[in-house]
Amino acid sequence: MRDLAALDRIRELLIPVLPEPTSDAGYLDLLGEKSPAGSPAQRLMRSGFLPRIYERFWRPALIGAMKGPLGPDTGQEEALVRAMLALGPADLVLDVACGPGNITRALARDVDDGLVVGIDASATMLARAVRDTPAGHIGYVRGDAVDLPFRPASFDAVCCLAALYLFDRPFEALAGMARVLRPGGRIALLTTRRLPLAGPVNDVAGAVSGVRMFGDREVTGALARLGFSGVRQKTYGLMQFVSGRLT
């Protein structure tokens, strides 16, 4: 559902751009006709088919298998991320690579007077997100998740779940997330981890699919270098949750 009040609030957070972003589709569109080819995984995310099955079937099955039998289910994962972010009722929150908005809507349950913003490059994902999101304090932006279009120190919390491994420049994306956080802001990530003792397999699989497998210290180390303290990591199979607070 289109929420013009939320979109107006988001406009105030954006770095001024020309031309002005359009909102005809129910979200602020900063990309227009731009749609780079990308990897096979990136092209799949922009397809018309995946958004219809992503939340109920695709993500639980794929990410669930990668987390393994001891990993949290979808509901437990959402609760874990909400605990990592420790949201307050007036917080401004950014969900990077939000897809169809499933996590965006989950985070909004903790934010009564603030705002939750989802950003994604896929027009088909965002169309689904707008359709499934009730009016309130949630709005969406079609934009570049690596080169975030928001002013510095705009948000109290930022998350990026099951997407960092698809980015061409993931560490630049992390730097962008740090840039848009206020001092004391929290970050929560869910991304891949390398299969132990299978370096060549990881590299070949990543090259073919466009899915990067991160070492156990790559993401935590990147956050520490960006000025995050209290960096914590939970690993489940081929996935890892990472959180921290910007100092």
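Biologist: What percentage of the 247 residues in the protein chain is buried?

Modeller: This is a predicted model, where local features need pLDDT of at least 70 and side-chain atom pairs pLDDT 80 or more, while totals for chains, interfaces and linings use all residues. Residues are numbered from 1 along each chain as its sequence is written, and side-chain values use heavy atoms, leaving out hydrogens and water. Buried means under 20% relative accessible area, exposed over 50% and partly exposed in between, with a 1.4 Å probe and protein chains only. By that rule, the buried share of the 247 residues is 52%.

Biologist: How many disulfides does the structure hold?

Modeller: A disulfide is a pair of cysteine sulfur atoms within 2.5 Å. The closest cysteine sulfur to that of cysteine 159 belongs to cysteine 160 and is 7.4 Å away, so it is too far for a bond. For the structure, the number of disulfides is zero.

Biologist: Is cysteine 160 buried or exposed?

Modeller: The relative accessibility of cysteine 160 is 0%. Because of that value, cysteine 160 counts as buried.

Biologist: Which strand holds alanine 188?

Modeller: Helices (H or I, at least four residues) and strands (E, at least two) are DSSP runs, numbered from the N terminus. Alanine 188 has 0% relative accessibility and is buried. Contact means heavy atoms within 4.5 Å; leaving aside neighbours within four places in sequence, alanine 188 has contacts including Val81, Cys159, Cys160 and Val242. The strand that holds alanine 188 spans residues 181-192 and is β6.

Biologist: What distance separates the C-alpha atoms of alanine 188 and phenylalanine 241?

Modeller: Along the chain, alanine 188 and phenylalanine 241 are 53 residues apart. Phenylalanine 241 is buried, at a relative accessible area of 0%. The C-alpha separation of alanine 188 and phenylalanine 241 is 7.2 Å.

Biologist: How many aromatic pairs are there?

Modeller: Rings of Phe, Tyr and Trp (its six-membered ring) pair if their centres lie within 6.5 Å; planes under 30 degrees apart count as stacked, over 60 as edge-to-face and the rest as tilted. The aromatic pairs by this rule number three.

Biologist: What parts does the pair of phenylalanine 171 and phenylalanine 214 tie together?

Modeller: Phenylalanine 171 and phenylalanine 214 pair edge-to-face, 5.9 Å centre to centre with 85° between the planes. Phenylalanine 171 is partly exposed at 28%, whereas phenylalanine 214 is buried at 0%. The pair ties together parts 43 residues apart in sequence, because phenylalanine 171 lies in helix α7 (residues 170-180) and phenylalanine 214 in the loop between α8 (199-209) and α9 (218-225).
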